[in-house]
Amino acid sequence: MNEPVIYTENLTKKFGAFTAVDNISFSVDKGEIFGFLGANGAGKTTAMRMLCGLSHPTSGKGAVAGYDILKESEKVKKNIGYMSQKFSLYEDLKVWENIRLFGGIYGMESKRIASKTDLILDELGFLAERNTLVRELPLGWKQKLAFSVSIFHEPKVVFLDEPTGGVDPVTRRQFWELIYAATDRGITAFVTTHYMDEAEYCNRVSIMVDGKIEALDTPKKLKLQFEADTMDEVFQQLARKATRSDN
Ligand SMILES: Nc1ncnc2c1ncn2[C@@H]1O[C@H](COP(=O)(O)OP(=O)(O)OP(=O)(O)O)[C@@H](O)[C@H]1O
């Protein structure tokens, strides 16, 4: 059997006496779209930062892309892609300049960057926007470009932190087509979202409440388990139990 692309066992992060992430254990397979849900303050970002090798767990263990998140965090960082609404493209650079810049940061050779740039622009339908400044693009276009850039180096896993925040449903649907295309190629997608329609698009979904994973299964099985018609209902049932809130 293939080893999981993401694996955690009792992963925990404390800030002083406060346990932000509380003994979470799960694994994600190659090519899977794994939805990581939870209300504000549930601990999603803290968990994701540990998985990306950016924050040291207090206890427990984990591996991403075959590397130990504690002992091999530099290798983890080289083998993942990351995209969030907050960290994105350089607004004052042109579309092609952004692609070249990130390709360089990921250590790709110039020739490969040049040929892949055309592929990306073609896939996105952005060939005419090659010389457009990123700040002039609509938000949904920026997000699609940011996603393509985050997987430019064909990482084993891409972490997507609320990647579609603030855009309309049609553009979000197009964004998800890009995720499907990437996972069809064997890239694993780890996605946080507040949109419950997007939870339905995931192969499996975990729901965090107050630092713990309270549910984890396919959307279909979760709906059966919680006797709910939609993932929104499943989420609301669990979120009601939360005592912690950042709002
Ligand atoms: N550096 C820190 N020091 C102290 N507490 C922190 C720190 N980082 C996060 N927390 C707390 O840990 C909890 C989990 O935060 P986290 O950002 O991981 O939640 P989240 O699920 O990502 O929420 P959101 O959806 O709002 O981004 C929150 O109560 C937050 O205030």
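This is a predicted model: local features need pLDDT of at least 70, side-chain atom pairs count only at pLDDT 80 or more; totals for chains, interfaces and linings use all residues.
Residues are numbered from 1 along each chain as its sequence is written. Helices (H or I, at least four residues) and strands (E, at least two) are DSSP runs, numbered from the N terminus.

**Helix H6**

- The 16 residues of helix H6 (residues 169-184) should span 22 Å at 1.5 Å a residue, and the end C-alpha atoms are 22 Å apart, which agrees; the expected span is 1.5 Å times one less than the number of residues.
- Arg172, Ile179 and Ala182 of H6 are buried, where buried requires 20 or more other C-beta atoms within 10 Å of the residue's own, exposed 12 or fewer, and partly exposed a count in between, with C-beta atoms placed from the backbone.
- Seen down the axis of H6, the buried residues fall within an arc of 70 degrees, so they line one face of the helix; the arc is that of the directions from the helix axis to the C-beta atoms.
- The face of H6 turned away from the buried side carries the exposed residues Val170, Glu177, Tyr180 and Asp184.
- The buried residues of H6 pack against strand S3 (33-38), strand S7 (157-161), strand S8 (188-192) and helix H7 (196-200), a contact being two C-beta atoms, placed from the backbone, within 7 Å.
- Just after H6, Gly186 takes a positive phi of about 100 degrees.

**Ligand shell**

- The ligand is surrounded by 13 residues, the closest being Phe15, Ala20, Lys44, Thr45 and Thr46; a residue is near a molecule if its C-beta atom, placed from the backbone, lies within 6 Å of it.
- Strand S2 (18-28) and helix H1 (44-51) each supply at least two residues of this shell, and H1 gives the most, with three residues.

- Four strands form an open sheet in the order S2-S1-S4-S5, with antiparallel pairing, where two strands pair if DSSP finds at least two bridges between them.
- The edge strands are S2 and strand S5 (67-68), each of which pairs on one side only.
- S1 and strand S4 (residues 59-64) pair in the antiparallel sense over five bridges, and Ile6 stands opposite Val64 in S4.
- Asn10 is found in strand S1 (residues 6-15) and counts as partly exposed, with 13 C-beta neighbours inside 10 Å.
- Leaving aside residues up to four places away in sequence, Asn10 touches Asn23, Ser25, Ser59 and Gly60.
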